Amino acid sequence: AAFKFCKMYSDNKELLLLADSMKREVNEFKPHVPLIMTLCNKGMRDRHWDQMADIVGSSIRPGEKTSLNDLMERNLNSHLP
């Protein structure tokens, strides 16, 4: 949709800047989608969290105060296949 908006609003500078900004943010976020899908998988069991902790070297089991930003800052994407 962001690419479509850039084309639609090419004649309106303010809307084009907004659409371009949105497109950049979406592109920057895309690499994190596989991590989010993995961490939010309802099939995750304790053994999976333990295996992931062994791979990354520390527990990544989310708690009540864990945010997506916290997990993204730990560079977990580098551990995905």
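This is a predicted model: local features need pLDDT of at least 70, side-chain atom pairs count only at pLDDT 80 or more; totals for chains, interfaces and linings use all residues.
View 1. Helices here are DSSP runs (H or I, at least four residues), numbered from the N terminus. Alanine 19 counts as buried because its relative accessibility is 5%, while glutamate 25 is exposed, at 54% relative accessible area. Buried means under 20% relative accessible area, exposed means over 50%, and partly exposed is in between (1.4 Å probe, protein chains only). At the start of H2, look for asparagine 12: one of its side-chain oxygens comes to within 3.2 Å of the backbone nitrogen of glutamate 14.

**View 2. Histidine 32 meets asparagine 77.** Histidine 32 sits in the loop between H2 and H3, and asparagine 77 is in the segment after H5. Although they are 45 residues apart along the chain, their C-alpha atoms are separated by 6.9 Å. Their side chains are joined by a polar contact of 3.0 Å. A polar contact is a pair of N or O atoms within 3.5 Å; within protein, one must be able to donate a hydrogen and the other to accept it, and residues adjacent in sequence count only if both atoms are side-chain atoms. A polar atom of the asparagine 77 side chain also lies 3.4 Å from the backbone oxygen of proline 31. Histidine 32 counts as buried at 18% relative accessibility, whereas asparagine 77 is partly exposed at 22%.

**View 3. Asparagine 75, a residue with positive phi.** Asparagine 75 lies in the segment after helix H5 (68-73). Its phi is near 55 degrees, a positive value in a residue other than glycine. Why is that worth a look? Most residues other than glycine have a negative phi. Asparagine 75 is partly exposed, with a relative accessible area of 48%.

**View 4. The largest nonpolar core, with 8 residues in all.** A nonpolar core is a set of buried Ala, Val, Leu, Ile, Met, Phe, Trp, Tyr and Cys residues joined through side-chain atoms within 4.5 Å. Here the members are Leu35, Leu39, Met44, Trp49, Met52, Ile60, Leu71 and Leu76. Helix H3 (33-39) and helix H4 (46-56) are the elements that give two or more residues to this core.

**View 5. The largest pocket and its lining.** The volume of this pocket is about 190 Å³. Among its lining residues are Leu35, His48, Met52, Ile60 and Pro81. H4 gives the largest share of the lining, 5 residues.

Notes: Residues are numbered from 1 along each chain as its sequence is written. Side-chain values use heavy atoms; hydrogens and water are left out. On a 1 Å grid over the protein atoms alone, a cavity is a set of points where a 1.4 Å probe fits but cannot get out, and a pocket is an open set with protein on both sides within 12 Å along at least five of seven lines; lining residues have an atom within 4 Å of a point. Grid points are joined across faces, edges and corners, and a volume is the space filled by probe spheres set on the points.
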